Amino acid sequence: MIGCSGSPEPVGRRPAKKPAATRRSATAEVPKAKSRRPRTQTARPADTDVPEENEPARADRPGDESKRPRRPGKRLLLADLLRQQPDSESKFLTTLPQMQVDEAKAAAAGIRKLTAERLTLYTDLPPSPTIDELPEVFDQAFPQWCEYFHVDAAEHADWHMTGFLMNEKAVFVRTDFLPHGLPPFRHGYCRNYTLWLYEQPSDYYRRHLILHEGTHGFMNTLLGACGPPWYMEGIGELLATHRWKDGRLTLNHFPANREEVPQWGRIRIIKDAFSARRPLRLKQVIDYPPAAHLETEPYAWCWAAAVLMDRHPRYRERFRGLYKNVLKGDFTARFYRAIGDDWRTLSEEWQLFVSGVEYGHDIAATTVDFTPGHPLPESGATVTVSTKKGWQNTGVRFAAGATYRLTASGRYQVADKPQIWWCEPGGVSIRYYQARPLGILLAAVRPDRPKENTGSALLRSTAVGLGRTLTPKESGTLFLKINDSAAELGDNAGESTVEITRE
Ligand SMILES: [Zn+2]
């Protein structure tokens, strides 16, 4: 388990003996009298394949969910309050109390205090540059969170979190800085303005966790909630995946290689699942219950869903607007409505993405235009295939049972290191990608109405090389691309010309 978040302190779940350190937080729950009513299921549009709404943001220590009572009304509590006080939204949320730390007790226990503008971090770890700079890292995250969620940083000049980076858990238990009332967690946890995390073996991953929990803290305190599990963890992972270079932090970084992100492993999880023929469908990711986040895998899938939509020109704007719905009970239904008729193509692009995800994956260059093509003219057609893009729509529609000949020509560059690699549509036979020669021309005929559950036709491609005939079983549009990693299109140059005739 990576984290993660309790939304603003849940009502009605106070442990019998609440440690002093969190009692203030618990009593911060404002209007108890209101909204102690069961959460109602929100109506969904009948015409879409909309899954059950996941339970909203809750402590994602899922193993515990079954044991503890549901907490109806928690999110309604906030939502109702905001409806009552539409003008004081941010005022209310930022008045949730901070955890009070007994400084003398901390010092006596050998716990150091590191402070910056946005984070006070308590740790039992000895001084070291990568530990001591964490509050500075956090400071740099704050304006980036503000920008991503359209929050005016100037209105939250005193926004500040308290964190506990724990090497020896017992020290923090003994001092009550790790309250007994928290759900158990393996890596990190966040509640309101307070986050906890255990020491990690990699500097990258320690920062990643603090940024992940910080993202939850930011959303809980300034937006009021984190949304359902797929979104809460997807956004947490999206923004936590970062670059820290020369003292500058960049959130929402797509790792260029494994060495940038030691211990992160999200791409490896997806690649392994694909190799084992058990990749998740996008809907399965969106359907994740809170219980799923006991394991690391769901964090990888939620990251993948978030990064695909966040970087895809067709979905980006809609995805980036979702944060506005975190306090609404029908968050996921709203998401489906926003995607609307694009759900099929989004699901198909998801399949393509997870089938070939790479460090440095160029999502924008591998977007697919699914517009159905037109029948091939009597005289045939000539199309060009860029070496800098993924699957390209030729605009030519093949009829079922007919035979077409493709003849490819051109000389193009498929790599520029250590020297320029020249290539023809037959590919280079001393370098391979996905078991086929690098740069070889590939074709796929995508049916006009893809069947459900068969997977994208673009995952069942045919090697064309310099030429071959195709006789599709189903009518559909011809797509072409050259065989290369989605991370290595940037160093390609040139194009292939393909003549298409009917035999
Ligand atoms: Zn989380």
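Visitor: What is the order of the strands in the open sheet of 4 strands?

Guide: The order is S10-S21-S12-S19, and the pairing is antiparallel. This is a predicted model, where local features need pLDDT of at least 70, side-chain atom pairs count only at pLDDT 80 or more, and totals for chains, interfaces and linings use all residues. Residues are numbered from 1 along each chain as its sequence is written.

Visitor: What makes S10 and S19 edge strands?

Guide: Strand S10 (381–386) and strand S19 (467–470) each have a single partner strand, so one side of each has no neighbour in the sheet. From one strand to the next, the twist averages 25°.

Visitor: How do you know that S12 and S19 pair?

Guide: Strands (E, at least two residues) are DSSP runs, numbered from the N terminus. Two of them pair if DSSP finds at least two bridges between them. Strand S12 (residues 404–409) and S19 have 4 bridges, in the antiparallel sense, so they pair by that rule. Arg405 has Thr469 in S19 as its bridge partner.

Visitor: Which strands form the open sheet of 5?

Guide: They are S9-S11-S20-S17-S18, in that order, with mixed pairing. Strand S17 (residues 441–447) and S18 run antiparallel and are joined by 2 bridges; Leu442 stands opposite Ala463 in S18.

Visitor: Where is the pLDDT below 50?

Guide: pLDDT is the predictor's confidence in each residue, from 0 to 100. The protein's mean is 83, with 80% of its residues at 70 or more. Over residues 7–92, however, the pLDDT is below 50. Where pLDDT is low, the predicted coordinates should not be read in detail.

Conventions. Two residues are in contact if their C-beta atoms, placed from the backbone, lie within 7 Å. Axes are lines fitted to C-alpha atoms, for helices over the stretch in contact, and angles run from 0 to 180 degrees between N-to-C directions.
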